[in-house]
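Biologist: Please take me through this model one feature at a time. I would like the general idea before each case.

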Amino acid sequence: MMEIEEVNNYESLPLLSLNHVSLLCRSVWDSMRFYEEVLGFIPIKRPSSFKFNGAWLYNYGIGIHLIENPLIDDFDTIIEPRPINPKDNHISFQCRDVEIVKGRLEDMGMKYVTAVVEDEGNTVDQVFFHDPDGYMLELCNCENIAILPLSACLFKPRMSSFGRAVFGPAKCGFVENAMMESLSMDMLDISF
């Protein structure tokens, strides 16, 4: 797998990858069933030294750690389901076929919202939905848009939708596009 090296004045930390996402939940059982049945995660052993109710799940190279807190409504505003808003905080998973995802969600009677992102002729299909505790999840085919380090692209001023000049990347050259295509092919291929 190729690493993207960004030139800056900071020394990189020795990070390897995202290990897990930890989520408070009202019911470990309900959340475990959701992450197993909808997303295909597998329950795994968690340390026996923990003195609180929870569960660890794993798949696709990432863990989900569930921590039960039946009083979650006392601390969080998710008392009633919030609207599904793609611009809200969410966790995104790469998938091969968004249509299969939508079919599974429909079969389970789950609400979802779709979105399409386009960039230079490439299209990404996205589907957003909530878990039992109101956390938003996205499943997408995001590999359709290349991951380009900003340093690989020329910056030029352009006008924002608010009429202000902003600086952003211009089109990248052949070498940068070839590098990104290679990176995309080497990235972990997660399927639903």
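Modeller: Residues are numbered from 1 along each chain as its sequence is written, and side-chain values use heavy atoms, with hydrogens and water left out.

Biologist: What is the mean pLDDT of the protein?

Modeller: pLDDT is the predictor's confidence in each residue, from 0 to 100. Its mean for the protein is 80, and 69% of the residues reach 70 or more. Residues 182-192 have pLDDT below 50, yet this stretch has 28 contacts in the model beyond near neighbours in sequence; a contact means heavy atoms within 4.5 Å. Where pLDDT is low, the predicted coordinates should not be read in detail.

Biologist: Which cysteines form a disulfide?

Modeller: A disulfide is a covalent bond between the sulfur atoms of two cysteines. Here the term is applied to a pair of cysteine sulfur atoms within 2.5 Å, and the count by this rule is one. The pair is Cys140 and Cys142, with sulfur atoms 2.2 Å apart. The torsion about their S-S bond is about -115°, so the disulfide is left-handed.

Biologist: How far is the sulfur of Cys95 from the closest cysteine sulfur?

Modeller: The distance is 6.6 Å, to Cys140, which is too far for a bond. For accessibility, buried means under 20% relative accessible area, exposed over 50%, and partly exposed in between (1.4 Å probe, protein chains only). Cys95 is buried at 2% and Cys140 is buried at 1%, whereas Cys142 is partly exposed at 30%.

Biologist: Where does Glu120 lie, and what is its phi?

Modeller: Most residues other than glycine have a negative phi. Glu120 has a positive one, near 50°, and lies in the loop between strand S6 (113-119) and strand S7 (122-130). Helices (H or I, at least four residues) and strands (E, at least two) are DSSP runs, numbered from the N terminus. Glu120 is exposed, at 59%. Tyr60 also has a positive phi, near 60°; its loop joins strand S3 (54-59) and strand S4 (62-68).

Biologist: Which residues of helix H1 are buried?

Modeller: An α-helix has 3.6 residues a turn, so residues three or four places apart point the same way. In H1 (residues 28-37), the buried residues are Val28, Ser31, Met32, Phe34 and Tyr35. They fall within an arc of 160° seen down the axis, so they line one face of the helix; the arc is that of the directions from the helix axis to the C-beta atoms. Among the elements they pack against are strand S1 (20-25) and strand S8 (136-140).
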